[in-house]
Amino acid sequence: MQPAEAHPALGTAVLFNENLPHIAGSLQESLRQHLLLKHDQCGAAASAKREVIHALQDAQLDVEAKVELEVPSLLKIYNAYSDYIVGCPQAVLQATAAKLEGLLQHLRSTCSQELVHACRMTTPFMFDVFIYYLLLKYGLVDAYSSHANVTAEDVFRGWPIEQHEGRVWFLFGALWRVIWRERDYCACVEAYDYYTTMHALFETLHIGRGDLHGRLQRKSSEIRRMVEAAEHCEEWLEKDFQRIFSSYAKHSACLPGALMENIICLQRWLLAGKVVGSLNTAEMMVKLLTLSDTCLEDTAWPFTKADVQYNFARLAQNWRAGNVACHAMNRFGEQLEEHGCPEKLSNEALGHLLWKPSPLQQHGAKVECIFDLSDVCIANGVVTVRRAPGLPEQLQTCSETGRNRHKLKHSDFSESSFEFDRETVGFVLNLPESGDNVWHNLHWIVPAAARVHGRRQASLSGERSLRPVSPDNVLLILLFDGYEFREDELQVDLPKEKIELERALQKQRFEQWVVRHAPLLRLLTSSPPVMLHTLRSRCFKHVLWGHAEMRADRELKHDTAVGIKDVEIFKNALNHLHGQEMDAMAAKFWRLDPPKAIYGSQSSQQRGAGAGATVSVLIIQRSFAHGRAFLTWSNLTQALSPLAGAGQIAWRALDDLEHRPLLQQAAFFRSADVLVGAVGAALGWMLLMKPGSQVLEWIPRGVQPCLYRCSEEWNSDYLGMFGGLGRLAQVDHVCLRSDPKPPQVPDAKRFSATRATARDAYWRLENLQIDLEKFTRWVEEGVRRAAGK
């Protein structure tokens, strides 16, 4: 193992925050003395504890954290922290949280729209109080844990630190929304194939296991090979880590992906003996958390927000054990230590530095994608609500393409001033796009139907807290997030005739879209929907805002996310409304001799979909013009003849799916037991298949593992686009490669952390040359599995 180079310009040997060693060392000694006391001495701070508890209780209605907490006693403790740090470090921690809140409140009010550029240049460097807070907090966690998990009560001793920290995280987010308002750091839509694949890889590497340092030192281990393949880390050697933060803030759309990349770099520096590089990386990572901590709180990733903070604190406290030959320097080229440094990085020291899960895991606030509002007026896209305690200043919408915030106007209008519609419930439904993509559309219709029909079931069962809602009394108000239907008003500087023409075209596109999606929209309303910005003036006694968050390619942790139950509610509602019509369509599809554009087994060889032991197999052929179409199509379909001749299956193949009405498409997929198709939106209909059905997804040859998650194992890709839908629909899924044998991929590509871009999706335009033997083998297995269930 080679020690770090001594060159002061080498970023990984230079500590950019030279205050860290002093702060971390001082806190470590104070906490050691605290533990020697055997008990805390917080009596002198008891009044401050009572004050902050009451202040936080009073602030519960201040959901936007607009009013700074008034706790003078905490300010005194902060100014005289040395008097409390040994006897009552919890008081100092609470006081630091109060100081940090005050700083963020000041920055949020100062960084107005006119000063955005100046704030972008300076604000990312204002983290000193935040860093001190983390070092103290997780120093306490480490001190109390004694190699075992601890609770918040064990560490904080009744001080309301978690509640106060929640306000601090909110204020960080509020500040960044002013400075980088166009970013959603949790979207993970750009290059999501890459990020979900990296997510899966992290899970298989088990970074939270206690044997990490041993596996990292074995050159044959997967995690060691991944670290060695992470050449992207070298690009950052001579870059200021705080400037890297600014780059992420401007361009990133997937904060967890950025953190995963940096976790690998952090281990890479340690194995190379560049411990200061790891510390700089860890410090930059905790700063990245402030951009949007909810990315890790509401979605399951292989690490948590607490893990990132804890490992930064451990490195800050223990970095000296890795300062081989005293090579670490500050930004001025001065050695941080001149003597007493280790000659080599020992295994014991490495164990204190490598990644380890936090013994204290805290839970964040739930995601507010939906609201129930009373006394609401909507005029030209502006939502105004009667002023009431606890209402936010902004409403949030959630979709699989990210989250958006919308201004909520508060007013003191009286009910007598406006005519409120008491019979109609306004349902403002956000849609990420206005196209025909099935996969995207399922992400709004499923949670929307679950909200209407789940609420209806609850009210019918006697739950009086919910206002009865049914499609008959809902006005659907659609909010498109700007993919095609623009929510902003037309530019006033355009000629009047062009404005009128654009409005006419917009109305025409919307009407065509409504007609196309009418079978789905009728699950939500029995009247024509309108767009939010075209609703000139309408007041409702009751409004439903937004829908629950649904992500097929993410495992959401919060209890407001769409789950299996919501999918069942959607399917039951669809069956109740269109079941008989879809059954008739499916019967005709499976029992008649295949007409033009439909290929399949003859009717004399089958007994109808779902009848007896016959398994229904549906194969989807894409257009060659769109890519990912099956080559040697006739050979693949002929491979099904033996199974059909033996009466084991009835099969159909479609090559004109996009030209068929949506309800007909739904009927075909709903009646299939086995679905075979190339990766593409059409596979999204698998959500309607019966539980226990089988889906075989094929991808082209030569797709790098880092670009698309495809394990060729049943139900292993449960965070992929279609494996995730299978997880929600309780349908078995397998992703298969067109390659005859598993491709031999070098580590440089298998573990590549090079950021994927749209250019890397070239394979989506390629057609599929599938090995006939492999195709037959997997289809036969899918049929066996379907027949067994």
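View 1. Thr384 has Lys409 as its bridge partner in β6. Close by in the numbering, Val383 has Leu408 of β6 as its bridge partner. Both belong to the story of two strands, β4 (residues 382-386) and β6 (residues 402-411), which pair in the parallel sense over 4 bridges. A strand here is a DSSP run of E with at least two residues, a helix is a run of H or I with at least four residues, and both are numbered from the N terminus. Two strands are said to pair if DSSP finds at least two bridges between them.

Before you look further, please note that this is a predicted model, in which local features need pLDDT of at least 70 and side-chain atom pairs count only at pLDDT 80 or more, while totals for chains, interfaces and linings use all residues. Residues are numbered from 1 along each chain as its sequence is written, and side-chain values use heavy atoms, with hydrogens and water left out.

View 2. How do β5 and β6 pair, parallel or antiparallel? They pair in the antiparallel sense, over 6 bridges. Cys398 gives you a place to start, with Arg403 as its bridge partner in β6. Between the two strands of this hairpin there are 2 residues.

View 3. Look for Asp40 in the loop between α1 (19-36) and α2 (46-58). Its relative accessibility is 30%, so Asp40 counts as partly exposed. That term covers what lies between buried (under 20% relative accessible area) and exposed (over 50%), using a 1.4 Å probe and protein chains only. Leaving aside residues up to four places away in sequence, Asp40 touches His34, Gly87 and Arg157; a contact means heavy atoms within 4.5 Å.

View 4. Most residues other than glycine have a negative phi. Ala325, however, has a positive phi near 55 degrees, and Arg628 has a positive phi of about 60 degrees. Ala325 sits in the loop between α16 (305-318) and β2 (329-330), while Arg628 is in the loop between β12 (615-620) and α22 (633-638). Are they buried or exposed, or partly exposed? Ala325 counts as partly exposed because its relative accessibility is 42%, whereas Arg628, at 10%, counts as buried.

**View 5. Stepping back to the whole chain.** The chain contains 27 helices and 16 strands. Along its principal axes, the C-alpha trace spans about 90 × 75 × 55 Å. Of the 789 residues, 57% are buried. Among contacts between residues at least 6 apart in sequence, 78% join residues at least 24 apart.
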